[in-house]
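Please report on the model shown below.

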Amino acid sequence: MIGLPILMYHGIHTARDARRGVFDARYSVTAEQFARQLDWLGEHGYVPVRLDAARPEGAVVLSFDDGDLSAVEVAMPMLAERGLVGEFCVTTDWVGQPGRIDPAAVRALAEASMGVGSHGRTHRHLADLSAHDLAEELTSSKRALEAWTGRPVDAMSLPGGRGGRREHLAATDAGYRWVMDSVPGPNRTVRPDRYLHRVAVTRRTTVGEFGRLVSWRGVAPRRLAARTAALEVPKRLLGNAGYTRVRGLVRSR
Ligand SMILES: [Zn+2]
């Protein structure tokens, strides 16, 4: 299996004092970096696609979380002028807030043939929610985005980047077909938990690292995956899903 690299962006901000969007010291990528990364993809035969589209050889997904204003004001024009597309995952309660896109911009993304997905309604971490709140979070954000775009919304990325089996089941029940977390990996095989891996692109990502992450070659990706897995152990032991599972095992004895 060739795999499907999915890159995770947040905002394209060149400077901390940028007036537009919400600057993040770690996740804000400069427009210059983003341009070089798009050039690298083109030079190496990669083709950005939407999750709901056919996947040619070299398919890659460029995802943008949160609904930052720079997604529409900077990333979308840079993609459009190259004939490329992205997958924009929007937190619907943030729409219209300072630094975030508004409903007209969500519509503009869809009209520019960009992918529009959910990134929750409130950005609360799904594993922390009751069953009722979980379902509400997933369905209300989907409905709002479908009303703004006028088309089905069936992709989402997890706020906080983590989820378990319960959250994936709830997303499937709510009608999502693709659920991305923030666990790095190449998506060369279907994961037992059915989530799609994503690889974060940060301000510190050099174009060389970018290339190694997209192609998932060399030691850099393995080191990144190992570091993420090491951080994951205490979360799994203490997190809701792990706790519930352990409790279930104890009870079944
Ligand atoms: Zn987020």
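Is Arg124 buried, partly exposed or exposed, and at what relative accessibility? Arg124 counts as partly exposed because its relative accessibility is 33%; buried means under 20% relative accessible area, exposed over 50%, and partly exposed in between, with a 1.4 Å probe and protein chains only.

## Basis of the values

This is a predicted model, in which local features need pLDDT of at least 70, side-chain atom pairs count only at pLDDT 80 or more, and totals for chains, interfaces and linings use all residues. Residues are numbered from 1 along each chain as its sequence is written, and side-chain values use heavy atoms, with hydrogens and water left out.

## Zinc site

Asp66 (OD), His119 (NE2) and His123 (NE2) coordinate the zinc ion at 2.1 to 2.2 Å. Donors are N, O and S atoms within 2.8 Å of the metal (3.2 Å for Na, K and Ca); water is not among the atoms, so sites may look incomplete. Along the sequence, the spacing of the donor residues is D-x52-H-x3-H.

His119 is buried, because its relative accessibility is 1%. His123 sits in the loop between strand S7 (115-118) and helix H4 (131-149); helices (H or I, at least four residues) and strands (E, at least two) are DSSP runs, numbered from the N terminus.

## Positive phi angles

Most residues other than glycine have a negative phi. His123, a residue other than glycine, has a positive phi near 75 degrees.

Trp216 is not a glycine either, and has a positive phi of about 55 degrees. With a relative accessible area of 12%, Trp216 is buried. Within H6, the buried residues are Phe210, Gly211, Leu213, Val214 and Ser215.

## Salt bridges

There are 14 salt bridges in the structure, each defined as a side-chain nitrogen of Lys or Arg within 4 Å of a carboxyl oxygen of Asp or Glu. One of the pairs is Glu73 with Arg20, whose closest N and O atoms are 2.4 Å apart. This pair links distant parts of the chain, with Glu73 in helix H2 and Arg20 in the loop between S2 and S3, 53 residues apart. Glu73 is partly exposed at 35% relative accessibility, and Arg20 is partly exposed at 46%. Helix H2 (residues 69-81) also holds Ala71, which is buried with a relative accessible area of 4%. The C-alpha atoms of Ala71 and Arg100 are separated by 8.9 Å, and the two residues are 29 apart along the chain.

Arg107 and Glu111 form a salt bridge at 3.2 Å, N to O. These two residues are separated by about one helical turn, because they are 4 residues apart in helix H3 (residues 103-111). Arg107 is partly exposed at 39%, whereas Glu111 is exposed at 59%. Arg124 pairs with Asp133 in a salt bridge at 3.8 Å, N to O, and Asp133 is partly exposed with a relative accessible area of 28%. A network of salt bridges links Asp39, Glu81 and Arg82.

## Positive surface patch

A patch of positive charge on the surface gathers Arg26, Arg204, Arg223 and Arg227. Patches are made of residues with over 30% relative accessible area and no salt bridge, with like charges joined within 9 Å and nonpolar side chains (Val, Leu, Ile, Met, Phe, Trp, Tyr) within 5 Å. Arg26 lies in the loop between strand S2 (11-12) and strand S3 (28-29), and is partly exposed at 48% relative accessibility.

How values were computed
Areas by Shrake-Rupley, 256 points an atom, 1.4 Å probe, with all protein chains shown as cover. Lys, Arg positive; Asp, Glu negative; His and termini not counted. Charge placed at Lys NZ, Arg CZ, Asp CG, Glu CD.
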